[in-house]
Amino acid sequence: MTPAAAALGKDLLGLENLTREQIQLILGTAERFKEVSERPIKKVPALRGKTIVNLFFEASTRTRISFEFAEKRLSADTVNVGSSGSSVAKGETLVDTARNLEAMRIDMVVIRHGASGSAEFLSRRIRSNVVNAGDGKHEHPTQGLLDLLTLKDRFGKVEGLKVAICGDVLHSRVARSNIWGLKKLGAEVAVCGPASLLPSGIAALGVEVIPRIDDAIAWADALNVLRLQLERMTGGFIPSLREYNRVFGVTRERLERAGKDLVIMHPGPMNRGVEIDSDVADGPHSVILPQVTNGVAVRMAVLYLLAGGSPDWQQGGGE
Amino acid sequence: MSQPILIRGGRVIDPSRRADDVADVYLAEGKVASVGRNITGEDGCRVIEARGRVVTPGLIDLHVHLREPGFEDLETIATGAMAAAAGGFTAVCAMPNTDPPLDNQGAVGFVISQAQKAQKARVYPIGTISVGQKGESLSEFGELVGAGAVAVSDDGKPVMSSHLMRTALEYARTFGIPVADHCEEITLAAGGAMHEGLVSTRLGLKGIPAAAEEIHVARDIILSGLTGGHIHLCHMSTRGSAEMIRRAKHEGLRVTAEVTPHHFTLTHEACEGYNTNAKMNPPLREPEDVEALRMALKDGTVDVIATDHAPHHYDAKEREFDDAPNGILGLETAFALAVTELVRPGIITLPDLLYRMSTRPAQLFALPGGTLAVGAPADVTILDPDAEWTVDPTRFFSKSRNTPFAGRKLHGRADLTIVRGRVVFERGNR
């Protein structure tokens, strides 16, 4: 195993268990991979001959396609498996699915799953590298990393930045990965949302809790506006979307009132007019599309490093 | 008639008579015949040397799941009763959440007949509070008791209707049986997979707040006050519950409570790494709760230790945390955990422990046993409280293997278990 693989370990399960140096290694590697996607021929041979399975048990556009592009631009062979149309629909357990895939001699599994801990569960039972593409309400590490890369692009560094994570923190894996990543790189982190959507004991993770969105806007250098997870809202955590937008929505009016430049991030998919207004999402301070662009580079870096690639990847270079 | 047994020279601890002395115990005709110095049994009796070991009334567990009828792939009454005997238990009370549930005299009678065939630890069925555990209408307590039920409980299905619980407490008085309740306000607990706290927040798992248990405990205590009925609170897990029970007892209410070995041993940290063997209901709580439960055992707020023995197939636990079933095995580790976690650190004495695992449970559910008084049933356990061993689930007598204690070094175990004057378990090469 090369030093880089050892530096990252076998799997990427979350940012909680990465060190500052490991995160910086990934971001630095991603920085170099950005350029590949700008070429007319978007392909390098870094993962030629590697087989990667994308196991997506939950709906996903951005993350699934971003991973797939990252894999293809690294020249890996990829297979996509979803829950419908696979044996999962016949009741096969996660571990059986994975073991069967592994029996076909694969190198990596990228997994998106609705249950927290599913990526870790899998990683302990198969030899292949496991990349967590979002597990329940636990972590979404590549999203956290691409958010860090986007902040770094905008501000030059993450250290010392004030980042407010707004909205449905309770159900958000993006929030958890962001909190760990930002803290490790020395940012100040706050969460803002209705108390019914903030998890118990969140302050113990070292974040400030700001109850009102106007105060969060006044405090922050950047807002990471979370998606209100309508599909998880059966518990009646808020009275209505209309009221949510009125009390917690990030609107142009609110931003203008604060009278300062604020970077606006959103992991997507957006509920326009609920947690974020269209003119903010499409406005001059939004980095929502650069986030998506960075997602490919970050995922290329993660896959490349886990496969044992050298951290000083050079243009056109392979292993 | 079984062969008489003379147990010689052991440290005889009989909490029912506050006795703790080196003595001989003579068992004949299925009863305790005499306890004293220099007993000579009749010719042909079996002599067991117990020097250096503890002789005690057999342990009694008020809360086990034996899975039969309905889930015989997990446990049967025979394997469960054998696991009980190996853990030093001479009697266990079987919860009614079987399939079909124990809500009628036929099902209760079936459990009793299976236990008689097994000839290991005694098994006392607990009937359901409501028909089909549905929480709607009362089961026929009279018929359940007539068939051999010793208590009623809807176990995993908390009785949400306060009216039904009130009626159950009142009606149970007729038969002198306790109503055992699993306390969980289900609208607060719904979908929860572990204790709500810092660990659940980090792991991204839905939490079950302590309040879910405590609201229900408060209600049950109030209803016990209203009706004068005996409420038995199952597997208490929070410091708030302990405090409310303490107050209720102080007021003289008929409230009794149990705690499991895992709740006085482990905290929610055990769920780290999504360890499904640490998934249970009520969930493992915080260090302050563990401490409060230990103190509640010490001062008698909690009456008994019960295991909530809950066998599950290994692959049922071999899955995503959210989807794994609740519960762990308890019978074969309970005594050792209690010795290791409570007696050796000096929280309670060994006689106190035996009171909470034998005499007191017998009193609560009015069961035979829990005493070595002359004429009492010859249900006796010989324990080695100092024996050191490592938990190895593959050696369990239970059909299942789900325990978070695998590999843990513990002190104390049962060497020999006697039920109705017959040796039902004897440890080889001790």
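Me: Which strands form the open sheet in chain B, and in what order?
Reply: The order is E9-E10-E13-E14-E15 (chain B), five strands in an open sheet with parallel pairing. Two strands pair if DSSP finds at least two bridges between them, and strands (E, at least two residues) and helices (H or I, at least four) are DSSP runs numbered from the N terminus. This is a predicted model, in which local features need pLDDT of at least 70 and side-chain atom pairs count only at pLDDT 80 or more, while totals for chains, interfaces and linings use all residues. Residues are numbered from 1 along each chain as its sequence is written, and chains are lettered from A and ligands numbered from 1 in the order in which they are written.

Me: Which strands stand at the edges?
Reply: Strand E9 (152-153) and strand E15 (304-305) of chain B do; each has a single partner strand, so one side of each lacks a neighbour in the sheet.

Me: How many bridges join E13 to E14 of chain B?
Reply: Three bridges link E13 (residues 231-233) to E14 (residues 255-259) of chain B, and the two run parallel. Within E14(B), B:Ala257 is the residue opposite B:Leu233.

Me: Which strands does H4 of chain B lie across?
Reply: Helix H4 (residues 162-175) of chain B lies across E9, E10 (179-181) and E13 of chain B, and runs at about 145° to E10(B). Axes are lines fitted to C-alpha atoms, for helices over the stretch in contact, with angles from 0 to 180 degrees between N-to-C directions.

Me: Changing topic, how many residues of chain B are in contact with chain A?
Reply: 17 residues of chain B are in contact with 20 residues of chain A, where contact requires C-beta atoms, placed from the backbone, to lie within 7 Å. Helix H6 (residues 198-203) of chain B supplies the largest share of chain B's side, four residues.

Me: And what domains does the assignment give for chain A?
Reply: Domain 1 covers 3-140 + 295-306 and domain 2 covers 141-291 of chain A; such bounds come from an automatic or database domain assignment. The C-alpha centres of these two domains of chain A lie 25 Å apart. Their contact takes 23 residues from domain 1 and 21 residues from domain 2 of chain A. On the domain 1 side, H2(A) gives the most, with five residues.

Me: At what angle do H3 and H12 of chain A pack?
Reply: Helix H3 (residues 62-73) of chain A and H12(A) pack at about 55°, with axes 8 Å apart. Residues making this contact include A:Phe67 and A:Ala70 of H3(A) and A:Val296 and A:Leu303 of H12(A).

Key. Contact = placed C-beta atoms within 7 Å.
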